[in-house]
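These are my notebook entries on a structure that is new to me. I go through it topic by topic and write down what I looked up.

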Amino acid sequence: ASPMQAVEQLAELERREREVRNLASRTKKATLGATKLSADYDWRYPKRADQAIYEDLATLAFVRKKQNVLFRGPAGTGKTMLAKNLGIRALEAGMTVVFTNLSSALADLLRQESLPAVERRLRRYTSVDLLVCDELGYQPIDTRAVDLLFQIISRRHDNASTIITTNLPFKDWVNVFPGAACLVPLVDRFTENLVTFDIHGDSYRQRAKPTPPSPTKPPRRPR
């Protein structure tokens, strides 16, 4: 190779190494954890789930449009798996992502000992391209925590995409946020530019399994 070609090859190697390091850093901060790939999802199992909608979500057009996504369905139907896979695709596309259990994120914010500390911690959830909040509806959330969630949704509104997974219809969210004055504006902001992905069916983990044959008793010996 000529000196110019050698320099170009070295620059390309350096660029690739930086991309690898950048992806590793963003993946660590995303805290997605282990999950199955969406290609392994059995679309034949749910009674109803629109695969075409998910394939459109997988293009990440919703992130570029700053749309929110709601995965809604019973426990065990794959909401978290599908949401995580969108996070993985966003990372591979060079975006910043945070995945969190909703209750854990709010507890994290409530542990902060001062308003400046809360503001600094809020940036973890408000500054990324895609925020995935898992499991809304499994635990009630008190008023202080709802106010923090409202801050997250409001600051991301029209600025970045948020995914929420839940087992509840909107009319039942009031049971998760008892007495929260900001619930209506929170839902209003989240749903203004929303893609809803509903899954109908039973838990895949509790699917019918073949019943093992009962053990046969040995024949009785004649006396």
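How much space lies in the largest pocket? I kept in mind that this is a predicted model, and I found that about 510 Å³ of space lies in that pocket. I then looked up its lining, which is made up of 25 residues, and noted that G76, T77, G78, M81 and R205 are the ones closest to the centre of the pocket. When I turned to the elements behind this lining, I saw that those giving two or more residues to the largest pocket are α4 (79-92), β3 and β4 (161-166), and that the largest share, three residues, comes from α4. Sorted by class, the lining of the largest pocket holds nine nonpolar, eight polar and eight charged residues.

I looked for cavities of 30 Å³ or more, and the count came to one. About 40 Å³ of space lies in the largest cavity, and I listed its lining as K66, N68, R156, H157, D158, A160, R189 and N193. By class, I noted one nonpolar, three polar and four charged residues in the lining of this cavity.

Two of these lining residues, H157 and D158, held my attention. I placed H157 in the loop between α7 and β4, and I found D158 in the loop between α7 and β4 as well. Which residues is H157 in contact with, leaving aside its neighbours within four places in sequence? I wrote down R189 and E192. With E192, the side chain of H157 makes a polar contact of 2.8 Å, and I also noted a polar contact of 3.4 Å between the side chains of H157 and D158.

I then looked at the backbone. Most residues other than glycine have a negative phi. For D158, however, I read a phi near 65 degrees, a positive value in a residue other than glycine. I found another positive value at L60, where phi is near 70 degrees. This residue, L60, is found in the loop between α2 (51-57) and α3 (61-64).

My next entry concerns helix α5, which runs over residues 102-110 and whose buried residues are L102, A105, L106, D108 and L109. Why do I say that these residues line one face of the helix? Seen down the axis of α5, the buried residues fall within an arc of 155 degrees, so they line one face. I then looked up what these buried residues pack against, and I wrote down β2 (97-101), α6 (115-126), β3 (130-136) and α7 (143-156).

Last, I looked up R120, which lies in helix α6. With a relative accessibility of 51%, R120 counts as exposed, because the cut-off for that class is over 50%. I also compared the position of R120 with that of L109, and noted that the two are 11 residues apart in sequence and 9.6 Å apart in space, C-alpha to C-alpha.

Definitions and conventions:
Residues numbered from 1 in each chain as written. Predicted model: local features only at pLDDT ≥ 70, side-chain atom pairs only at ≥ 80, totals over all residues. Heavy atoms only, no water. Buried < 20%, exposed > 50% of the residue type's maximum accessible area, 1.4 Å probe, protein only. Helix = DSSP H or I, 4+ residues; strand = E, 2+ residues; numbered from the N terminus. Arc of directions from axis to C-beta. Contact = heavy atoms within 4.5 Å. 1 Å grid on protein atoms, 1.4 Å probe; cavity = no way out; pocket = protein on both sides within 12 Å on 5 of 7 lines; lining within 4 Å. Points joined across faces, edges and corners; volume = space filled by probe spheres on them. Nonpolar A, V, L, I, M, F, W, Y, C, P; charged D, E, K, R; others polar. Polar contact = N/O pair within 3.5 Å; in protein donor to acceptor, adjacent residues only side chain to side chain.
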